[in-house]
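This report is a short tour for someone new to the structure. Take a look at the model first, then read on.

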Amino acid sequence: MFEFKITAECPVTGARAGELFTPHGVIETPLFMPVGTQASVKAMSPHELEELGAQIILGNTYHLYLRPGADIVEAAGGLHSFMNWPRGILTDSGGFQVFSLRQLRKITDDGVEFRSHINGSAHFMTPELSIGVQERLGSDVAMCFDECVKLPATEETSRVAMERTLKWALRCKKFHTREDQALFGIVQGALYSDQRIECASRLMEMDFPGYAIGGLSVGEPKEEMYRILDAVAPVLPRGRPRYLMGVGMPDNLVESVARGVDMFDCVLPTRNGRNGSLLTWRGRINIKNAAYERDFGPIDEQCGCYACRNFTRAYLRHLYKCGEILSARLCSLHNLYFLTNLMKKARSEIIKGSFPDFYKNFVSSWLTEDI
RNA sequence: UCCUCGGUGGCGCAAUCGGCAGCGCGGGUGGCUGUUAACCACUAGGUUCGAGGUUCGAGUCCUCGCCGAGGAG
């Protein structure tokens with residue numbers, strides 16, 4: 001179980017195509033994982049997710065622990081059964097909430113004392129509690145409870161968080177018992193490549209079935225992120241999946257695949273979709289813009305998603321302006337399909353041996369500015 | 001015919017004693033990267049119904065007119 005098989009490797013770049021075997025099916029990498037924080041990928045039904053090609057989605061330990069509570073999910077037969085999702089689930093540990101809810105918490109070596117963002121109630125999250133919750137949720141992949149620092153961080157701040165992340169990783173590993181659930185370690189170290197390399201090596205001594213790179217794409221320039229990936233990816237074991245947490249812009253994905261990353265997740269396709277920002281092969285468009293009022297073409301000519309096959313930009317703009325729920329659904333669907341397909345395309349190019357051309361073409365045609 | 005209330009940005013409404021005309025929605029634009037986010041930010045937009053008057057100064061007070069709502073007959 002959780003064997004990671006490399007199907008093909010790009011001879012020029014660091015890109016690889018692989019297969020990760022889980023209790024809920026084989027996951028083909030590289031891939032993008034939609035985020036379903038509260039046991040729901042916002043605006044999407046499980047059926048639609050399957051149809052657009054999602055192989056594994058995220059759930060969140062912190063959010064599900066607070067509501068409805070791990071006991072209820074467990075009583076429902078686990079998260080797969082509770083939300084009726086038959087394929088893979090990866091649960092984030094709550095480590096990101098250490099960062100995103102930093103106004104509501106206090107960190108010590110033991111764990112994180114925090115106040116619920118829902119009702120202010122006090123809680124104490126520890127590596128053991130996070131793993132216990134994740135085991136009860138029954139995800140296919142659990143994540144170590146880590147400390148994700150805000151950037152920019154001083155070398156000292158970063159080191160303290162990194163050391164804590166390592167200590168917590170060991171505690172997670174020791175506490176974790178479910179054999180039908182993989183536990184991934186998370187590399188921290190802010191933008192210090194020496195810390196990143198050290199963190200990776202020390203995690204590898206603990207021997208995790210997969211390694212994540214956390215604490216990136218939180219506001220730093222993308223060149224900085226690529227610099228860290230260039231430093232870390234070569235250190236990580238070839239035969240284990242690599243997961244870049246929280247990354248979701250198409251150019252970030254392709255650049256990271258070229259650097260040897262296998263898995264990604266991001267709220268961007270769903271959140272930005274709800275907010276009218278849509279992905280195309282040339283860049284992003286903002287469907288709110290008056291320019292699309294009479295644009296009767298699809299979001300993207302080359303996209304095969306349900307929204308692109310059936311609706312126009314003018315109609316989608318209209319739905320957005322009206323605040324219709326269908327707007328959120330179609331836009332989320334399109335963005336998720338786009339990223340899922342982008343990774344599927346990258347995978348097939350790696351297998352065919354033509355990834356370098358695909359990479360070059362994508363990067364040159366992708367416009368960072370909105371089109 | 002008389003009485004009462006009202007008329008302020010596209011729409012709905014604020015504005016203390018007469019003292020810098022604001023807010024919400026709508027419009028335009030930008031942002032969002034392991035979700036506290038169907039969210040947030042910025043921006044444009046005014047002959048305060050009209051004509052006079054009082055005053056240093058009027059959306060605000062006075063006179064007349066126009067328009068709307070309600071009431072009396």
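Helix α14 (residues 325–352) lies across β1, β2 and β3. The helix runs at about 115° to β2. This is a predicted model.

The three strands under discussion form an open sheet in the order β1-β2-β3, with antiparallel pairing. Its edges are β1 (4–9) and β3 (25–29), each of which pairs on one side only. On average, neighbouring strands here are turned by 20° against each other, direction ignored. Strand β2 (residues 16–22) pairs with β3 over 5 bridges, in the antiparallel sense. One detail of the sheet: Phe21 has Val26 in β3 as its bridge partner.

A second pairing involves β4 (residues 31–34). This strand runs parallel to β14 (residues 263–266), and 4 bridges join the two. Strands of a sheet pair through backbone hydrogen bonds, either parallel or antiparallel. The table sets the two pairings side by side.

| Strand pair | Sense | Bridges | Opposite residues |
| β4 and β14 | parallel | 4 bridges | Met33 and Asp265 |

Is β4 covered on one face or on both? Both faces are covered. Leu31 and Met33 are buried on one side, and Phe32 and Pro34 are buried on the other. In a regular strand the side chains alternate between the two faces of the sheet.

Helix α13 (residues 313–322) has buried residues too: Arg313, Leu316, Arg317, Leu319 and Tyr320. These residues cover an arc of only 160° around the axis, so they sit on the same side of α13. Helix α14 is part of what covers them. After α13 comes Gly323, with a positive phi near 70°.

The model also holds RNA strand B, with 50 residues around it. Which of them come nearest? They are Ser100, Cys148, Ser217, Gly246 and Val267. Several elements give two or more residues to this surface: β5 (56–60), α5 (95–100), β14, α11 (268–274) and α14. By kind, the residues of the surface divide into 19 nonpolar, 22 polar and 9 charged.

Two elements link these parts of the picture.

Note on methods:
Residues numbered from 1 in each chain as written. Chains lettered and ligands numbered in written order. Predicted model: local features only at pLDDT ≥ 70, side-chain atom pairs only at ≥ 80, totals over all residues. Buried ≥ 20, exposed ≤ 12 C-beta atoms within 10 Å, placed from the backbone. Pairing = 2+ DSSP bridges. Axes fitted to C-alpha atoms, helices over the stretch in contact; angles between N-to-C directions. Contact = placed C-beta atoms within 7 Å. Near = placed C-beta within 6 Å. Nonpolar A, V, L, I, M, F, W, Y, C, P; charged D, E, K, R; others polar. Arc of directions from axis to C-beta.
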